Amino acid sequence: RSRVAPVAPPRMVPSPPAAEERTRILVVDDDGRNLLALSEVLNDVAEVACANSGEEALRFLLKEQFAVIILDVLMPGLDGYETANLVRKREQSRDTPIIFLTAINKEDAHLLRGYDSGAVDYVFKPFDPTILRSKVQVFVNLYEKTREIERKAIRERASVEEFDVADVYGDAHLSDPTVAQGPLEHPLARGRKIAKAWWDAR
C-alpha cells in the first residue's frame, strides 16, 4: 500500500526589495555655519548627518555606518586627532575613511599627525566645494560598490541553500519507491524519476 507523499518544503518567495536607503556621510564641526555649508555642498552626493563635537560623532558611530567622515581638527573637548584615534579603536568604525577639515597651516608636522591619527586625506579651509565634493564622491562610490558585492554574496548563498533543500527532498522521494507521487511532488524529484525510468528501460 502506497504511503502519502510528504509535503514539499515551502518555497521561499523573496519579498519585494524595500526602497534602498541613501548612503550616509558624517560631518563633524563645532561651528554650525560650517555644518550648514558642508551639508549644502555634499547633500547631492549622499545623505549628510551632522555632529557638533567629537563626542556626538562617536555616539553616531555606535548606531550607524557611514561611507566617510569629514572631521574638523580644531574643536573644544575632543579635538579631531583624539576623535580619529577613538574611531580607529572601535571595531564597527575602524575602517571608515576620515577626511580632516582644517584651517591649520600645511606644515608637514600637522599633516603627519593627522595621517598617524587615521586620516586618509585633508581639506583646507576655506574649502573649494568642487574639490571637497569630488573627494567625498570617491569614498561614497567605493562604499556603495562594497555594499552591493555583500548583497550579491548574500543572494547567491540563499539561492544555494534553497537548491540544497530541494535536492534533499528529491533524493528522499527517489530512495523510497513506496511513496505516492502526487501533485505536490517537487519538480526536481519528478525530473530525476523520469530520467531514471528512461535509463532503466534501455
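Side chains of opposite charge can pair when their charged atoms come close.

**Confidence**
- The average pLDDT of the chain is 80, and 68% of the residues score at least 70.
- Residues 12-17 have a pLDDT below 50, and this stretch has 1 contact in the model beyond near neighbours in sequence.
- Residues 180-188 also stay under 50 in pLDDT, with 18 contacts beyond four places in sequence.
- Where pLDDT is low, the predicted coordinates should not be read in detail.

**Salt bridges**
- Asp29 pairs with Lys125 in a salt bridge, with the closest N and O atoms 3.3 Å apart.
- Asp29 lies in the loop between strand S1 and helix H1, and Lys125 in the loop between strand S5 and helix H5, so the pair ties together parts that are 96 residues apart in sequence.
- Asp29 is buried at 0% relative accessibility, whereas Lys125 is partly exposed at 26%.
- Lys135 and Asp121 form a salt bridge with their closest N and O atoms 2.8 Å apart.
- This pair links helix H5, which holds Lys135, to strand S5, which holds Asp121.
- Glu91 and Arg94 meet in a salt bridge at 3.4 Å, N to O; Glu91 is exposed and Arg94 is partly exposed.

**A buried strand residue**
- Ile98 belongs to strand S4, residues 98-102.
- Ile98 counts as buried because its relative accessibility is 0%.
- Beyond four places in sequence, the contacts of Ile98 include Ile69, Leu71, Val87 and Val120.

Methods. Residues numbered from 1 in each chain as written. Heavy atoms only, no water. pLDDT = per-residue confidence, 0-100. Contact = heavy atoms within 4.5 Å. Helix = DSSP H or I, 4+ residues; strand = E, 2+ residues; numbered from the N terminus. Buried < 20%, exposed > 50% of the residue type's maximum accessible area, 1.4 Å probe, protein only. Salt bridge = Lys/Arg side-chain N within 4 Å of Asp/Glu carboxyl O.
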